[in-house]
Amino acid sequence: MRIGYPCINRGLACRCTHGFRLASYSPHRLEEAVRANLDGLQGILEFNAARGILFFRISSDIVPFASHPVMSVRWQERFRGRFARIGRYIRDHAIRVNMHPDQFTLINSPDEAIFARSREELLYHARVLDLLGLDLTNKIQIHVGGVYGDKDSAIARFVARYRSLPERIRRRLVVENDHVSYSLEDCLRVHQACGIPVVLDVLHQRVLRGPFGVKKALARAAATWKGVDGIPFVDYSLQAENGLRGAHAESIRVPEFRRFLSLTRPIDFDVMLEIKDKESSAAKAVAAAGEDKRFFRPAIN
DNA sequence: TCTGGTCAAGGTGGT
DNA sequence: ACCACCTTGACCAGA
């Protein structure tokens, strides 16, 4: 079990999310942003590794506008060496990473142009992980997408489109349940049809299916992962206690997290904490999980 | 230097 | 038909 957080470290000055407006695009601007993002990523990974936080979601902004027609820089060649160095650091420190293209990436849209753009966006994400030289346990997670008035045909379209994707994308792609349209059960149907591994989002699952059965949900999601995919991971977030519906909590609630750990024993999995205060909650979760036999400690050297 | 409106992309659901 | 919300940060124009 590794524990991590997505994209942003709130305490460090380092960031890997430097961007700019499309209107201000220039090759120089792009190169500056990527350089700063790679430096920032390295800094965040070092911060994390020193604290036993060995799971991290790399921001899709690492190369701004990578799949947009405006892109005119051969960024893969330009930054090959820097990506390779960071990748070596990731491997040497037994870190696992993932990426999560945002909600505009829809492989089941009836609109072929939207699918084509989504495929390009997925290809970009695969290229980043390939440039880092990371194995197939480092995943790209997306949602099933829209319903378009008919869930059965929307799922069938997802499956057909998934099968048509290049192996380079398919081998890293995993699908996550959402809190509006596609429940865990829906994602398992998708898995049955095409073999894609399923990421459990613990909060979304509770929203759509009620408060019970976390372990069963996890066991069913875990069964969709093959050896080459590594152990499964989950997205863990929690509702703000007195906030509006859907509002995410500011900070982890350790007793609740401990219950989650004990409830899911002995299944081994990694945990992505989608919580506002990021590395601060991750450090608390690492401390809480330190007592757990599943928690991963790399050999020190 | 500070502030707040706005940012590539789509879909859903409420009015 | 239209608009807010998604999750939230941070860019950038205008003061």
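Me: What makes the radius of gyration of chain A agree with that of a compact globule?
Reply: The radius of gyration is taken over C-alpha atoms, and the globule rule is 2.2 Å times the number of residues to the power 0.38. For 301 residues a compact globule would have a value near 19 Å; chain A has 19 Å, and therefore agrees. Along its principal axes the C-alpha trace spans about 50 × 50 × 40 Å. This is a predicted model, in which local features need pLDDT of at least 70 and side-chain atom pairs count only at pLDDT 80 or more, whereas totals for chains, interfaces and linings use all residues. Residues are numbered from 1 along each chain as its sequence is written, chains are lettered from A and ligands numbered from 1 in the order written, and side-chain values use heavy atoms, without hydrogens and water.

Me: Which residues of helix α9 are called buried?
Reply: Buried means under 20% relative accessible area with a 1.4 Å probe, protein chains only. In α9 (residues 214-222), a helix being a DSSP run (H or I) of at least four residues, Val214, Ala217, Leu218, Ala221 and Ala222 are buried.

Me: Why are they said to lie on the same side of α9?
Reply: The arc is that of the directions from the helix axis to the C-beta atoms. They cover an arc of only 130° around the axis, so they lie on the same side of α9. Their cover includes α7 (184-194), β6 (198-201), α8 (202-209), β7 (233-236) and α10 (254-264).

Me: How much of chain A counts as buried?
Reply: Of its 301 residues, 52% do.

Key:
Buried means under 20% relative accessible area, exposed over 50%, partly exposed in between (1.4 Å probe, protein chains only). Helices (H or I, at least four residues) and strands (E, at least two) are DSSP runs, numbered from the N terminus. Contact means heavy atoms within 4.5 Å.
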